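Student: Hey, I've just opened this one and I'm new to it. Can you walk me through it a bit at a time?

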Amino acid sequence: MSEDSIENVIIIGSGPAAWTAAIYAARARLDPLVFEGAPSREMIPGGQLMFTTEVENYPGFKDGVDGQTLMMEMKEQALRFDTRVVTDDIVDVDTNRRPFVLRSEGGEELRSHTVIIATGARANWLGLENEERLAQAGGGVSACAVCDGALPAFRDQVLAVVGGGDSAMEEATYLTKFAREVVIIHRRDAFRASPIMAERALENEKVRVEWNTIVTEVLGDDFITGVRMQDVNTGEESILEVGGLFVAIGHTPNTGFLGERIEMDEEGYLLTRQPWRTETSVPGVFAAGDVMDSYFRQAVTAAGTGCMAAIEAERWLAHGVGNDVDTEAPVADSRVAESAADPR
Ligand code: NAP
């Protein structure tokens, strides 16, 4: 990391996508450098899984694994192959220069031929005091029903889902497999969700809706016992006793530091140039994990795209793409031809 050195690949992030990319890049002898991010109130290295208790759907762990252990294991695996890790944030990526020029929060300037962005997305929360505390402590508050809903603590309970979008509908429907009742709490009198998703949820006899209602307080010391709700029209307050709260009010991808240099959708998720590829609108910059996926958002799919990004970066480097590349140029035909022939 001397001033003159040029990295092969800098990986930004520290979730399953980032560590998988690091493992593949390191084993391909690319000597990857990972910026795992600096701990802050909102983010800690390791990403969203650091806030998940038991992960039961990551293959290879038949008895489940807690999110923090899973991330530690992934990081250790990357370190085993001599991945270098910096505990700092990247705050700027200049994609107009080749090699790319990256700047860290600590003021370091780095140059790299390729960049893998795996900064993830963060679940939006209601911002209530007890909500964050219980979510971090495994106290029955979660932003991911698919991750946590099947845990024994939620079996045969009344569970609340906050939100009115497709995620809330999907989570509510999913939770009916385990819950006694699922109460969707929505702040308006109509769902934002697609009609088919809303119908599927509403047709389920275990689901009922509290319309025009917001949650104002999460109750419980070590584990949630209920939520205080308020009718937005009348101001009337009530308490709903629940054994779990699932907040499904959207996610925010961590792409703010990129400005407008790389194409994103209207929500800020990075766009890739082709399906089943991870290269972004900037050749040589790849995206992996939740930062480019608002649809699956699973640890295993993030890991999969991390692998893809590392392989694409490796091929990019192998084809000798260097300092003087026109960033607007289309992808070299040979690369496309080779990629198209890849077995999958
Ligand atoms: P979303 O569509 O943005 O919906 C967020 C919901 O949360 C909205 O109903 C919103 O209420 C509510 N909300 C936002 N902030 C709130 C707050 N502070 N307090 C209370 N409620 C709040 O997000 P999403 O449901 O996660 O979906 C994101 C994208 O993924 C969408 O494009 C969706 O179609 C897609 N998706 C697809 C599927 C599927 O097809 N299987 C599954 C999940 C997600 P308002 O309606 O009042 O704004």
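Tutor: Left-handed means the near helix is turned anticlockwise from the far one by less than a right angle, while clockwise would be right-handed. Helices here are DSSP runs of H or I with at least four residues, strands are E runs with at least two, and both are numbered from the N terminus. Before you ask, this is a predicted model, where local features need pLDDT of at least 70, side-chain atom pairs count only at pLDDT 80 or more, and totals for chains, interfaces and linings use all residues. Residues are numbered from 1 along each chain as its sequence is written, and side-chain values use heavy atoms, with hydrogens and water left out.

Student: OK, at what angle do H5 and H6 pack?

Tutor: About 30°, with the axes 9 Å apart; H5 covers residues 166-175 and H6 covers residues 195-203. The axes are lines fitted to C-alpha atoms over the stretch in contact, and angles run from 0 to 180 degrees between N-to-C directions.

Student: Which residues make the contact?

Tutor: From H5 you have Asp166, Met169, Glu170 and Thr173, and from H6 Met197, Ala198, Arg200 and Ala201. Contact means heavy atoms within 4.5 Å. By class, the H5 and H6 contact has four nonpolar, one polar and three charged residues. Nonpolar covers Ala, Val, Leu, Ile, Met, Phe, Trp, Tyr, Cys and Pro, charged covers Asp, Glu, Lys and Arg, and the others, Gly among them, are polar.

Student: How do H1 and H2 pack?

Tutor: H1 (residues 16-27) and H2 (residues 67-80) pack at about 20° with axes 8 Å apart, which means H1 is roughly parallel to H2. Their crossing is left-handed. Pro16, Trp19, Ala22 and Ile23 of H1 meet Met71, Met74, Lys75, Gln77 and Ala78 of H2. That contact divides into seven nonpolar residues, one polar and one charged.

Student: New topic: how many residues are in the largest nonpolar core?

Tutor: It has 32 residues, and those with the most contacts inside it are Ile11, Trp19, Tyr58, Leu70 and Ile116. A nonpolar core is a set of buried Ala, Val, Leu, Ile, Met, Phe, Trp, Tyr and Cys residues joined through side-chain atoms within 4.5 Å. Buried is under 20% relative accessible area, exposed is over 50%, and partly exposed is in between (1.4 Å probe, protein chains only).

Student: Which elements give two or more residues to this core?

Tutor: Strand E1 (6-12), H1, H2 and helix H7 (299-318). H7 gives the most, with eight residues.

Student: Is Arg29 buried or exposed?

Tutor: Arg29 is exposed, at 71% relative accessible area, whereas Asp31 is partly exposed at 40%. Arg29 sits in the loop between H1 and strand E2 (33-35), and Asp31 is also in the loop between H1 and E2.

Key
Parallel < 35°, antiparallel > 145°, perpendicular 65-115°, else oblique.
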